[in-house]
Amino acid sequence: MRNALLILLLLGLAACTGEPVHQRQFLQFGTLIDISVSGVDARRAEAAFDAVEQLLAKRNRQWHAWEDGDLKRFNDALAAQPTEGVPVPPSLRRLIDDSKRYYRVSDGLFNPALGKLIAAWGFQGREQPDRALIERIRQDLPTMDDLRIEDNRAWSDNPFLQLDFGAIAKGLAVAQTGDLLLQHGIRHFIVNAGGDLLVRGRKSDDEPWVIGIENPFRGGALATLAMAGDGAVFTSGSYRRYYIDEQGRRRQHIIDPRTGEPATSIRSVTVLLDDPVAADAAATALMLTEPERLPEMLQRLAVREALVIAEDRQAWISPGWKDRLIWSDRIGPKPQPIGK
Ligand code: AMP
Ligand code: MG
């Protein structure tokens, strides 16, 4: 009897050999940040969490699109158009350089120079469109090429150019969070920024990290995925931020640079890439990509896997995810393989 109990206790221990998962949740970047780490003790985890909270609070202030901080001051200075140019704050340099790159790679679909238009549509604090301003900006839509950088100074060739890093800043924040965790000796973690994830290592020796993809129509889990390795899984969606305008039309927050209007056909895009910054930019650009152009755009944006769901509930999925996603809900017809 005593032996049996001992064996049971040993089995119990064997079942939870992996170190416990430590977790911290806090609000930042207008969303819930949820960090899970394993393979380290609680003290190391807590010290890292404190450092991450501080870093993200600072980045949110620096990168906020309309509250006072480095970006707002830079935008205001650009609009004032001094002939000698505006110094580029170090905190914005990488966001600007990457935005220029993804603007080109996405064939202009990813365009963070549209901040003034995004605000005019009602997505920077207020929630109704300013029709007169929208019309004026649409006559001369700014692009990332209109922002000239020389010797760390910036000039704008378009008076409507205003940067809004809403589609990429979270990616860089998540990337920097991952780097900080690594510096603290943490090799196994999930950084979850409101459903945008960076996954590294494993939950334990025997278990991979398992993540969920949200149903963009009614919330809850649509599918789960056991992560086979490191990667960034980011989602953009029309259901994430929207309002109903004065004519009763649903207006969502992703603007199509070809029309200057909020996009209407795609409901959500979830992508897997190596790099969170690239993943954030890619998910937003794919919200504006026609289904027939998906294979080309996935390649241009270095997307490893993708799930694209249209407002009419049609869906497209990359071959790797078709084999690996475990569905827990349905949205409509079976997703079609991308590129077939
Ligand atoms: P995300 O959730 O990453 O797709 O980013 C959406 C946010 O990016 C919006 O709330 C806007 O602030 C901004 N945005 C809207 N349209 C675009 C666009 N075409 N390119 C880049 N950023 C955009
Ligand atoms: Mg994005």
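Ala167 is buried in the predicted model, with a relative accessible area of 19%, where buried denotes under 20% relative accessible area and exposed over 50%, computed with a 1.4 Å probe on protein chains only. Asp280 is likewise buried, at 6%. Both residues belong to the site of the magnesium ion (ligand 2), which is coordinated by Ala167 (O), Asp280 (O), Asp280 (OD) and Thr284 (OG1) at 2.0 to 2.5 Å; donors are N, O and S atoms within 2.8 Å of the metal (3.2 Å for Na, K and Ca), and because water is not among the atoms, sites may look incomplete. Since Ala167 lies in the loop between strand S5 (153–156) and helix H7 (169–183), and Asp280 in helix H8 (residues 276–286), the pair ties together parts that are 113 residues apart in sequence. Helices (H or I, at least four residues) and strands (E, at least two) are DSSP runs, numbered from the N terminus.

Local features require pLDDT of at least 70 and side-chain atom pairs pLDDT 80 or more, whereas totals for chains, interfaces and linings use all residues of this predicted model. Side-chain values use heavy atoms, without hydrogens and water.

In helix H2 (residues 42–63), the buried residues include Phe49, Val52, Leu55, Leu56 and Trp63. Seen down the axis of H2, the buried residues fall within an arc of 150 degrees, so they line one face of the helix, the arc being that of the directions from the helix axis to the C-beta atoms. The face turned away from this buried side carries the exposed residues Arg43, Gln54 and Arg61.

Conventions
Residues are numbered from 1 along each chain as its sequence is written. Chains are lettered from A and ligands numbered from 1 in the order in which they are written.
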